[in-house]
Amino acid sequence: MASKYISCAQNYLNKLIALQKPIVYNTKVAVEVAKQVYKKEGMAFPTGAQFSEAQQTLQNNLKISNLKNLTSADVVKGGVVLAEIYTFFLIGEIVGRRNLVGYNVKSEDHHEH
């Protein structure tokens, strides 16, 4: 009985080892592409001053007093943006399922054991 578990574990490890090379290769390729994009776009890490500026901006924008100054037009614009985001999410779900309603799940009777 133990030999069954050992052989099963060995098969699993062999599959992992077989996947190791493509995973390492694809990771290295992704890192190199990211480096090239980083250099080409002239990207740089934000400085401490930029971090503190962003933090200050967030604190100023998230104050309760700013919520009191919202107009109905601002609320409508926000609602439209949320509706657009939700619509894109739903379209992505439909594309991912490749079906308009529900997932195409086969019953257990169709599966071979």
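This is a predicted model: local features need pLDDT of at least 70, side-chain atom pairs count only at pLDDT 80 or more; totals for chains, interfaces and linings use all residues.
**Figure 1. The whole chain.** Residues are numbered from 1 along each chain as its sequence is written, and side-chain values use heavy atoms, with hydrogens and water left out. The radius of gyration of the protein is 26 Å, whereas a compact globule of 113 residues would have one near 13 Å; this radius is taken over C-alpha atoms, and the globule rule is 2.2 Å times the number of residues to the power 0.38. Along its principal axes, the C-alpha trace spans about 70 × 45 × 30 Å.

Figure 2. Buried residues make up 1% of the 113 residues in the protein, where buried means under 20% relative accessible area, exposed over 50%, and partly exposed in between (1.4 Å probe, protein chains only). The protein exposes about 11,000 Å², of which carbon and sulfur atoms supply 64%; accessible areas come from the Shrake-Rupley method with a 1.4 Å probe, and for residues only the protein chains shown count as cover. Tyr25, Val29, Val33, Val37, Tyr38, Met43 and Phe45 form a nonpolar patch on this surface, with about 720 Å² of accessible area together. Patches are made of residues with over 30% relative accessible area and no salt bridge, like charges being joined within 9 Å and nonpolar side chains (Val, Leu, Ile, Met, Phe, Trp, Tyr) within 5 Å. Tyr25, one member of the patch, is found in helix α1 (residues 2-40) and is exposed, with a relative accessible area of 55%.

Figure 3. The side chains of Glu32 and Lys35 meet in a salt bridge, 3.4 Å from N to O, the rule being a side-chain nitrogen of Lys or Arg within 4 Å of a carboxyl oxygen of Asp or Glu. By this rule the count comes to two salt bridges. Because Glu32 and Lys35 lie three residues apart in helix α1, they are separated by about one helical turn. Glu32 is partly exposed at 40% relative accessible area, and Lys35 is also partly exposed, at 42%.

Figure 4. Arg97 forms a salt bridge with Glu93, and their closest N and O atoms are 3.7 Å apart. The two residues are four apart in helix α4 (residues 72-97), so about one helical turn separates them. Arg97 is buried, with a relative accessible area of 19%, whereas Glu93 is partly exposed, with 27%.

**Figure 5. Two pairs of residues and their separations.** Ile94 is found in helix α4 and counts as partly exposed at 31% relative accessibility. From C-alpha to C-alpha, Ile94 and Ala54 are 37 Å apart in space, and they are 40 residues apart in sequence. Asn14 belongs to helix α1 and is partly exposed, with a relative accessible area of 49%. Between Asn14 and Asn60 there are 56 Å in space, C-alpha to C-alpha, and the two are 46 residues apart in sequence.
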